[in-house]
Amino acid sequence: MERNFNCIYKRKDGRYETRFVKKVKEGGKKIYGYVQGNSYRDVKIKKIRLEAYYKEKSYIESYEQSFNCKIDNWLNNKKPKIKMSSYTTYVTIVENRIRPIFGSQKLGYMKKDTFNNYIILLQQKKELSLNTIHDIAIILKQIITYNNLKFEINVPPKLQKEISVFTTEDIKIIEKRALTYNNRYIFGIILSLYTGIRIGELCALKKSDFDLRNLIMKVEHTVIRVKNNDSSGYKTKVIYTNPKSKKSVRVIPIPDILRNYLRHYLKNMAENNFFLTNSDKAIEPRSYSNIYHRFLKYWGIKNKKFHTTRHTFATKADETQMSTKALSEILGHSSTSITQSLYIHPSLNYKRNCINNIYMKKAD
């Protein structure tokens with residue numbers, strides 16, 4: 001067959017043939033139809049008429065379709081591609097903030113700026129945080145894009161949270177209290193402070209994840225609480241699952257100072273027991289976080305989230321001139337930019353020393 005400018009082909013039998021778009025499915029996949037004729041002109045006319053017919057048919061079908069259908073299309077596409085924790089987060093936002101407002105609305109009666117007006121209204125009410133509004137807008141944009149809808153959506157910027165780290169005095173107190181041979185929960189705080197692991201990863205550590213001979217620690221799982229979709233009657237459940245991302249699966253060198261403490265705690269442990277509980281049942285992050293806060297209060301340290309141990313580790317590592325790439329791999333980040341922008345918080349003393357060094361060099 002030979003091809004011409006209009007994508008109409010002449011077949012070997014002398015007839016002409018071309019294809020046209022019958023429908024564009026969710027995600028942008030095109031469904032084609034084919035038309036044949038005895039002449040180039042016949043095929044061209046048929047193609048134009050069929051394209052117009054299916055375009056009008058698609059418009060009529062979508063006009064009466066509810067936004068619920070588009071939400072479900074997007075969720076069904078997402079579910080097998082992402083972690084359960086991420087999926088349940090999406091579902092929570094959809095069910096609480098999107099479906100009640102737009103779910104039953106017919107697409108043909110929705111205006112082009114319907115969603116933008118909703119985002120603006122949320123910002124004006126100031127009942128939700130800017131980051132929550134950002135997440136709602138992101139999900140709306142993904143639903144719109146996936147379903148090839150012609151709505152506009154402007155995503156407001158996410159508010160950059162101030163990075164919180166422990167002071168030098170705080171670290172000294174934690175080291176004095178947590179470098180202990182008699183409390184696994186307390187020792188878990190120093191383990192996170194010295195390696196930068198997340199609280200869920202800490203709760204998921206088992207004896208088999210430690211290799212004291214080579215002084216390394218494998219991070220291959222995490223413990224998280226997710227929405228429960230079964231018929232048990234419980235709204236949420238705790239699961240032991242893969243980490244946040246592929247980059248989160250990693251091997252971390254263990255500081256020499258922790259060797260003897262770990263040898264003590266790992267002694268006589270069953271291989272499959274969880275480190276913090278020394279049993280076959282893990283403690284969930286929320287419960288361990290409560291224990292952590294009680295210790296901080298008892299030690300007289302200003303209350304900070306458990307994630308502060310991770311931020312503090314990243315900051316100290318950067319101040320000792322660890323390469324950003326190495327630090328990023330230890331933290332399990334997908335890119336060094338995340339490490340640089342979200343986790344490193346140079347201390348005031350570090351900045352002061354840097355400034356002093358600048359002027360000392362100038363004086364020389």
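How many bridges pair β6 with strand β9 (residues 250-253), and in which sense, parallel or antiparallel? β6 and β9 pair in the antiparallel sense over 4 bridges. Two strands count as paired if DSSP finds at least two bridges between them. Helices (H or I, at least four residues) and strands (E, at least two) are DSSP runs, numbered from the N terminus.

The model is predicted: local features need pLDDT of at least 70, side-chain atom pairs count only at pLDDT 80 or more, and totals for chains, interfaces and linings use all residues. Residues are numbered from 1 along each chain as its sequence is written, and side-chain values use heavy atoms, with hydrogens and water left out.

The protein chain holds 14 helices and 9 strands. Of its 364 residues, 39% count as buried. Buried means under 20% relative accessible area, exposed means over 50%, and partly exposed lies in between (1.4 Å probe, protein chains only). The accessible surface comes to about 22,100 Å². Carbon and sulfur atoms account for 50% of that surface. Areas come from the Shrake-Rupley method with a 1.4 Å probe; for residues, only the protein chains shown count as cover. Among contacts (heavy atoms within 4.5 Å) between residues at least 6 apart in sequence, 60% join residues at least 24 apart.

An open sheet of 3 strands has the order β5-β6-β9, with antiparallel pairing. β5 and β9 stand at the edges, each with a single partner strand, so one side of each has no neighbour in the sheet. Strand β5 (residues 210-211) is joined to β6 by 2 bridges. Phenylalanine 210 has methionine 217 of β6 as its bridge partner. The hairpin of β5 and β6 has 4 residues between the strands. In this hairpin, leucine 215 takes a positive phi near 50 degrees. On the β9 side, valine 219 has arginine 250 as its bridge partner. Side chains alternate along β6 (residues 216-219). Met217 and Val219 point to one face and are buried.

Helix α6 (residues 168-178) has buried residues Asp170, Ile171, Ile174 and Ala178. They cover an arc of only 95 degrees around the axis, so they lie on the same side of α6. The arc is that of the directions from the helix axis to the C-beta atoms. An α-helix has 3.6 residues a turn, so residues three or four places apart point the same way. On the other side of α6, Glu169, Lys172 and Lys176 are exposed. The cover over the buried residues of α6 includes α7 (184-195), α10 (285-299) and α11 (308-319).

Leucine 331 lies in helix α12 (residues 324-331). Its relative accessible area is 0%, so leucine 331 is buried. Leucine 331 and arginine 310 are 21 residues apart in sequence, and their C-alpha atoms are 8.2 Å apart in space.

Cysteines were also examined. Cysteine 7 is partly exposed, at 31% relative accessibility. Cysteine 69 is partly exposed, with a relative accessible area of 31%. A disulfide is a pair of cysteine sulfur atoms within 2.5 Å. By this rule, the count is 0 disulfides.
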